[in-house]
Amino acid sequence: MASLAEFRDAIARHALRDGTFDCRLPGVKLIRCSTPTMPMPVIYEPTVCFVAQGRKRALLGSSVYHYDPSCYLLASVGLPVMGAVIEATAAQPYLSLQIDLDAAVLGELALQYPRPATEHRAPAGLSLNAMTSGLLDATTRLVALLDSPADAEALGPLALREILYRLLTGPDGSVLQAMTRGDSRHGQIARAILWIRANFRGACRIDEVARIAGMSRSSFHAHFKTVTAMSPLEFRTQLRMQEARRLMVSDGLDAADAGHRVGYESPSQFSRDYARLFGMPPATDAQRLRLADA
């Protein structure tokens with residue numbers, strides 16, 4: 001069986017500097033960071049993250065998740081998260097493996113290895129589970145395949161399939177099973193999340209989104225909060241703030257234009273919502289981020 005040191009060294013061989021690196025294996029990324037980072041907004045797509053060294057924190061609404069080599073983070077829907085590396089040094093950088101959850105492969109495995117249907121409420125969209133020896137062995141072999149491109153092309157899909165199988169049959173297997181069923185509570189909320197993400201600049205009429213999810217208004221509210229740790233309107237606000245921040249930092253828009261671009265009619269309301277989420281007014285925050293980036 002592989003050791004944690006082997007997993008760490010395999011990632012370090014292929015992530016030689018700080019950054020996020022795509023691999024020749026589709027849907028697989030390696031991440032290295034040699035210093036702690038400030039909390040940054042990001043959309044966690046359906047993915048699983050295995051840490052080989054260091055520690056990271058993710059904030060979803062009012063929920064806080066800390067993960068390190070002892071556990072893995074599973075995101076089953078696209079969620080706006082504040083993420084920060086909280087343990088990393090130049091000598092011992094944060095090293096992790098991120099794998100996109102392939103819905104087609106999960107669907108095949110779910111049919112082959114069904115689990116009893118136990119879903120009464122939609123499961124949380126983010127969850128932590130203990131790392132197992134089987135998963136450590138499988139993830140280490142996956143990254144080690146990058147040492148041999150020919151082997152990676154031939155054996156990579158099999159290694160990824162094994163990892164998904166171990167996740168599906170593990171403690172969070174019911175969540176992954178729910179991902180494959182559009183009629184599950186999880187699948188219904190996932191449809192609503194996709195609609196809100198595509199239309200966050202406009203009005204968010206709860207009755208309309210509940211209809212898209214195929215739920216009553218009260219049931220939709222309850223299940224949505226279970227999955228995302230926030231209400232639909234809070235979820236939309238997170239999406240708006242993340243996009244406004246990107247527009248100011250990357251595209252150079254001022255606060256008023258950025259707020260208008262993401263759907264705010266009132267600049268003062270935009271500033272209040274932004275400061276509540278990021279801890280400072282939009283212009284001040286954008287300037288701080290530009291200087292840090294420079």
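**Entry 1: the β5 and β8 pair**

I started at Lys-56, which stands opposite Val-85 in β8. A reminder to myself that this is a predicted model. I then looked up the strands around that pair: β5 covers residues 55-60, β8 covers residues 79-87, and five bridges join them in an antiparallel run.

Next I asked which sheet these two belong to. I found an open sheet of four strands, in the order β3-β8-β5-β6, with antiparallel pairing. Its edge strands are β3 (40-44) and β6 (63-67), each of which pairs on one side only. From one strand to the next, the twist averages 35 degrees.

**Entry 2: the largest pocket**

Lys-56 turned up again when I checked the largest pocket. The space in this pocket is about 590 Å³. I counted 26 lining residues, and those closest to the centre are Thr-20, Ile-31, Val-42, Tyr-44 and Lys-56.

Which strand gives the most to this lining? I noted β3, with five residues. At least two lining residues each come from β1 (19-22), β2 (28-33), β3, β4 (47-53), β8 and β9 (94-100).

**Entry 3: strand β7**

My working cut-off for buried was under 20% relative accessible area.

I kept one general point in mind: side chains in a regular strand alternate between the two faces of the sheet. For β7, I listed Cys-71, Leu-73 and Ala-75 on one side and Tyr-72 and Leu-74 on the other, with both faces covered.

Then I looked for the pairing partners of β7. With β4, the pairing is antiparallel over four bridges, and Phe-50 stands opposite Tyr-72. With β10 (residues 126-130), the pairing is also antiparallel, over five bridges. There I found Ala-130 as the bridge partner of Cys-71.

**Entry 4: helix α4**

Last, I turned to α4, residues 149-168. At 1.5 Å a residue, its 20 residues should span 28 Å, and I found the end C-alpha atoms 28 Å apart, which agrees.

Where does α4 bend? I marked Leu-155, with a bend of about 55 degrees, and noted that a proline, Pro-157, follows within four residues.

For burial, I listed Ala-152, Gly-156, Ala-159, Leu-160, Glu-162, Ile-163, Leu-164, Leu-167 and Leu-168 as the buried residues of α4.

Methods:
Residues numbered from 1 in each chain as written. Predicted model: local features only at pLDDT ≥ 70, side-chain atom pairs only at ≥ 80, totals over all residues. Heavy atoms only, no water. Expected span 1.5 Å × (residues − 1). Bend = angle between axes of the 7 residues up to and from the residue. Buried < 20%, exposed > 50% of the residue type's maximum accessible area, 1.4 Å probe, protein only. Pairing = 2+ DSSP bridges. Axes fitted to C-alpha atoms, helices over the stretch in contact; angles between N-to-C directions. 1 Å grid on protein atoms, 1.4 Å probe; cavity = no way out; pocket = protein on both sides within 12 Å on 5 of 7 lines; lining within 4 Å. Points joined across faces, edges and corners; volume = space filled by probe spheres on them.
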